[in-house]
Amino acid sequence: MINYNGKLVEQSAQMIEFNRGFLFGDAVFETLKVSNNTLLFLEDHYLRLMAAMRICRMEIPMNFTMEFLEEQVVSLMAKVSFSNARVRVTVFRVGTGFYTPESNHVEFVITAQSLSSSTYQVPSASYEVELFKDFHLSKQLLSTLKTNNKMIHSLAGIFAKENEYANCLLINEEKNVVEAIQSNLFMKIGNKLVTPPISDGCQNGIMRKQIIKLLQKNEMVTIEEKSISPFDLQKADELFLTNVISGIQPITKYRKKKYVTDFATQLVEMLNQSIN
C-alpha cells in the first residue's frame, strides 16, 4: 500500500520509461522516521523538502503545507499493519521534455517500511569504514540536497560490500571527508566535537541538526563545524555517523585505528529522552 498523490493505492502505475525521476533523476525526497505512529522532526523535514523543491525549480502546489504532508503520511500509516516505520516521500517533476522539462508541475509518492523498534538503539557490532576515493562529491548546493541522483553513494556502497566494510566515507574535490554513504559524520577529539560544514558538500542532515541542538543545550562538548581531513580521523577519540532512521552509529575501526564508543552510547540515551 502506498500514497500516490493523496490516494491510497496498491501501486502508482507510473511508467518508468516516461518518469523524469527515473530518466533524469529529476526528483527530491525525504526519509522520515515514524515512532509509535508519530512523525519525528516533521517541521525540519518539511522545511528541507520545500527548500529542495525551490532550489530545483519545482512548482510547489498551494495545498502542500506541513499539515497536508502529515495527513498524507498518517493516512498511509493507518492502512499498514505497523506503527514504527521508515517513510519515504518522493516528489518528482512530471510531463514531457528531455533535459529541459516542459512543465515544473510535480507529483508525489509516499512509501512505508516497517521498523523493529520505536526508539534508537546502541549498535554493539563492530563497524569498520574506509575512504571511497574513486569519485568525489562537489562543494556546491546540489550536493547538500536529497535528490534521486545518488550514483556516487551507490558506487561507494558497492565498494564497501565488495571489500567487507560496514560503510564508506566520501570525500570532496579538496580531499576532505564529507559524509558516509547515508549519514553525516561526527568526530570527537578530547572535549571537542567536529562535523563537516554544509559548505563542504555534505547532506543537510536532520539528525545532524538535532545532535548539534541537543549538545548546544547541555554544553557537554564544544561543537565546531569545520573541514575534516583523512589524517584527522586517525587522531580522533571517537567517530560516529548520524541519520534519522538509525540515529547514531558508532564507528569502531578505520584502517589501523580502533575507536571507543562511550560518547556515542551516551548520546543515544540523550536522544531517546529528548523525543519521548
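The model is predicted, so local features need pLDDT of at least 70, side-chain atom pairs count only at pLDDT 80 or more, and totals for chains, interfaces and linings use all residues. Residues are numbered from 1 along each chain as its sequence is written, and side-chain values use heavy atoms, with hydrogens and water left out. Helices (H or I, at least four residues) and strands (E, at least two) are DSSP runs, numbered from the N terminus. Two strands pair if DSSP finds at least two bridges between them.

- An open sheet of 6 strands runs in the order 2-1-6-5-3-4, with antiparallel pairing.
- Strand 2 (7–9) and strand 4 (38–39) stand at its edges; each has a single partner strand, so one side of each is left without a neighbour in the sheet.
- Strand 1 (residues 2–4) pairs with strand 6 in the antiparallel sense, over 2 bridges.
- N3 has I110 of strand 6 as its bridge partner.
- Helix 3 lies across strand 1, strand 2, strand 3 (27–35), strand 4, strand 5 (85–93) and strand 6. Helix 3 runs at about 45° to strand 6. Axes are lines fitted to C-alpha atoms, for helices over the stretch in contact, and angles run from 0 to 180 degrees between N-to-C directions.

- Another open sheet has 5 strands in the order 12-11-10-13-14, and its pairing is mixed.
- Its edge strands are strand 12 (222–225) and strand 14 (247–251), each pairing on one side only.
- Neighbouring strands of this sheet are turned by 25° against each other on average, direction ignored.
- Strand 10 (residues 184–189) and strand 11 (residues 192–195) run antiparallel, joined by 3 bridges.
- Within that pairing, K192 in strand 11 stands opposite I189.
- Helix 5 (residues 206–218) lies across strand 10, strand 11, strand 12, strand 13 (238–243) and strand 14. Helix 5 runs at about 145° to strand 12.

- Strand 8 (residues 167–172) is joined to strand 9 (residues 177–180) by 3 bridges, and the two run antiparallel.
- L170 has E179 in strand 9 as its bridge partner.
- The hairpin has 4 residues between the strands, and K175 takes a positive phi near 70°.

**Helix 2 against helix 3**

- Helix 2 (residues 42–55) and helix 3 (residues 66–77) pack at an angle of about 110°, with axes 10 Å apart.
- That makes helix 2 roughly perpendicular to helix 3. Angles under 35 degrees count as roughly parallel, over 145 as roughly antiparallel, 65 to 115 as roughly perpendicular and the rest as oblique.
- Helix 2 passes helix 3 in a right-handed crossing. A crossing is right-handed if the near helix is turned clockwise from the far one by less than a right angle, and left-handed if anticlockwise.
- L42, E43 and Y46 of helix 2 make the contact with M66, L69 and E70 of helix 3. Contact means heavy atoms within 4.5 Å.
- These contact residues divide into 4 nonpolar, no polar and 2 charged. Ala, Val, Leu, Ile, Met, Phe, Trp, Tyr, Cys and Pro count as nonpolar, Asp, Glu, Lys and Arg as charged, and the others, Gly among them, as polar.

**Helix 5 and its helix partners**

- The axes of helix 2 and helix 5 come within 10 Å and cross at roughly 130°. That makes helix 2 oblique to helix 5.
- The crossing of helix 2 past helix 5 is right-handed.
- D44, H45 and R48 in helix 2 meet I206, K209 and Q210 in helix 5.
- Helix 5 and helix 7 (residues 262–275) have axes that come within 11 Å and cross at roughly 95°. That makes helix 5 roughly perpendicular to helix 7.
- M207, I211, L214, L215 and N218 in helix 5 meet F263, L267, M270, L271 and S274 in helix 7. This contact has 8 nonpolar, 2 polar and no charged residues.

**Aromatic pairs**

- The structure holds 9 aromatic pairs. Rings of Phe, Tyr and Trp (its six-membered ring) pair if their centres lie within 6.5 Å; planes under 30 degrees apart count as stacked, over 60 as edge-to-face and the rest as tilted.
- F64 and F108 form an edge-to-face pair, at 5.7 Å centre to centre with 85° between the planes.
- F64 is in the loop between helix 2 and helix 3, and F108 is in strand 6 (residues 106–114), 44 residues apart.
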